[in-house]
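Thanks for coming. Please have a look at it first.

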Amino acid sequence: MDNEKIEKSESLPDKNLKYLNIPEVLDQAIMGDLEAFGLLYQENVQRIYNYIYYRTGNSNDAEDITARVFNRALSKIQSYKKTEVPFAAWLYRIAHNLVANWYRDNSRKHEVPLEDQEFMLLRPDHPEFLIVKDQEINMLLEVIHSLAPDRQSLIILKYVEGLSNSDIGKILGKSEGAVKSLYHRTLIELKESFENENLD
Amino acid sequence: MERLEKGKKPNWIDQSIENRLNSLLRPVTPDPRFVQKLKKRLSAKAEIYLEKDFSSIYLMIILAVFSIMVFLSFLISRIIKK
């Protein structure tokens with residue numbers, strides 16, 4: 001998984017993560033080295049936040065769930081097995097489960113009203129969205145939030161995080177072929193939703 | 001909203017949607033204060049665990065010393081009695 005996005009972040013530490021030996025850092029973190037865990041946190045916090053932000057639709061819940069993801073990761077890191085999935089995929093899985101719990105606990109939030117989405121996009125803490133105040137992005141997010149959870153995750157991981165089908169498969173627990181097929185079905189559903197919106 | 005292009009390729013609609021997703025979905029940056037605060041909280045949490053571990057080690061040492069002293073005083077009292 002590429003680290004390009006996180007390297008552009010303002011919140012990065014002085015150390016350049018690009019030059020870190022990640023497997024070594026991971027070994028140290030598994031053995032309880034807090035500094036190593038801190039480096040892994042810095043490397044992954046933005047991508048995990050992004051995923052949760054797009055799934056929940058607001059920055060307060062995104063911050064709350066991101067904090068829970070890393071708390072859980074810290075308490076469970078000794079049971080993490082490097083050979084099964086990459087560390088970032090493991091974090092995404094935790095995030096995916098916690099977002100699912102969040103949806104279950106707040107089932108009414110499945111339906112995000114358009115006004116709330118406009119609010120989400122125009123929040124001052126995300127100035128990059130200030131310039132895209134138009135109907136199209138609101139409609140797109142409304143349509144994405146109406147998809148099934150796995151389909152939402154797929155679209156966010158592919159287009160916001162820029163992950164490959166293979167990486168997405170590791171996160172969602174599916175084969176690359178299954179992700180490809182799910183992606184195709186998701187595009188068809190999006191197409192139908194857009195057509196319905198156009199008719200309306 | 002722009003109109004979907006018709007008839008160019010067999011999968012024209014999928015491509016149009018993919019372009020739209022590409023152009024509209026972008027990463028957001030979390031609040032740097034949140035990122036730093038969470039980092040501090042994560043290390044503080046771990047420090048508490050460390051303190052707990054140290055206190056249990058100290059307690060075990062004190063108990064071991066106390067047991068040895070009781071045992072030695074018992075032995076000495078037995079020797080004196082003899």
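What follows is a short walk through the helices, their packing and a few single residues.

This is a predicted model, so please take the values as computed from predicted coordinates.

I will begin with the overall make-up. Chain A has ten helices and zero strands. Read from the N terminus, its elements therefore go α-α-α-α-α-α-α-α-α-α, by the DSSP runs. Chain A has 200 residues, of which 33% count as buried. Take the contacts in chain A between residues at least 6 apart in sequence: 60% of them join residues at least 24 apart. Chain B holds two helices and zero strands. Of its 82 residues, 10% count as buried. The rest of the talk stays with chain A.

Helix α3 of chain A covers residues 34-56, and helix α5 of chain A covers residues 87-105. They pack at an angle of about 35 degrees, with their axes 10 Å apart. The crossing of α3(A) with α5(A) is right-handed. On the α3(A) side the contact is made by A:Leu40, A:Asn44, A:Arg47, A:Ile48, A:Tyr51, A:Ile52, A:Arg55 and A:Thr56. Facing them in α5(A) are A:Phe87, A:Ala88, A:Leu91, A:Tyr92, A:Ala95, A:Val99 and A:Trp102. Sorted by class, the contact of α3(A) with α5(A) has eleven nonpolar, two polar and two charged residues.

Helix α4 of chain A, residues 59-76, also packs on α5(A), at an angle of about 130 degrees and with the axes 9 Å apart. By class, the contact of α4(A) with α5(A) has nine nonpolar, no polar and three charged residues.

One residue of α3(A) deserves a moment. A:Arg55 is found in helix α3 of chain A. Is A:Arg55 buried or exposed? It counts as buried, because it has 23 C-beta neighbours inside 10 Å and the cut-off is 20 or more. Setting aside neighbours within four places in sequence, A:Arg55 is in contact with A:Val99, A:Gln152 and A:Ile156. Its C-alpha is separated by 7.3 Å from that of A:Ser153, a residue 98 places away along the chain.

A:Ser153 brings us to α8(A), where it is one of the buried residues. Helix α8 of chain A spans residues 149-160. α8(A) has twelve residues and reaches 16 Å from its first C-alpha to its last, close to the 16 Å expected at 1.5 Å a residue. Buried in α8(A) are A:Ser153, A:Leu154, A:Ile155, A:Ile156, A:Leu157, A:Lys158 and A:Tyr159. Just after α8(A), A:Gly162 has a positive phi of about 70 degrees.

Then there is α9(A), residues 165-172. Six of its eight residues are buried, so α9(A) is largely enclosed by the rest of the structure. The six are A:Asp167, A:Ile168, A:Gly169, A:Lys170, A:Ile171 and A:Leu172. A:Gly173 follows α9(A), and its phi is positive, near 70 degrees.

α8(A) and α9(A) pack at an angle of about 140 degrees, with their axes 10 Å apart. The two helices are therefore oblique to each other, and their crossing is right-handed. A:Asp150, A:Ser153, A:Leu154, A:Leu157 and A:Lys158 in α8(A) meet A:Ile168, A:Ile171 and A:Leu172 in α9(A). That contact has five nonpolar, one polar and two charged residues.

Last, a residue from α10(A). A:Lys191 lies in helix α10, residues 176-199 of chain A. A:Lys191 is partly exposed, because 15 other C-beta atoms lie within 10 Å. A:Lys191 and A:Val143 are 48 residues apart in sequence and 9.9 Å apart in space, C-alpha to C-alpha.

That is all I have.

Methods: Residues numbered from 1 in each chain as written. Chains lettered and ligands numbered in written order. Predicted model: local features only at pLDDT ≥ 70, side-chain atom pairs only at ≥ 80, totals over all residues. Buried ≥ 20, exposed ≤ 12 C-beta atoms within 10 Å, placed from the backbone. Helix = DSSP H or I, 4+ residues; strand = E, 2+ residues; numbered from the N terminus. Axes fitted to C-alpha atoms, helices over the stretch in contact; angles between N-to-C directions. Parallel < 35°, antiparallel > 145°, perpendicular 65-115°, else oblique. Left-handed = near helix turned anticlockwise from the far one by under 90°. Contact = placed C-beta atoms within 7 Å. Nonpolar A, V, L, I, M, F, W, Y, C, P; charged D, E, K, R; others polar. Expected span 1.5 Å × (residues − 1).
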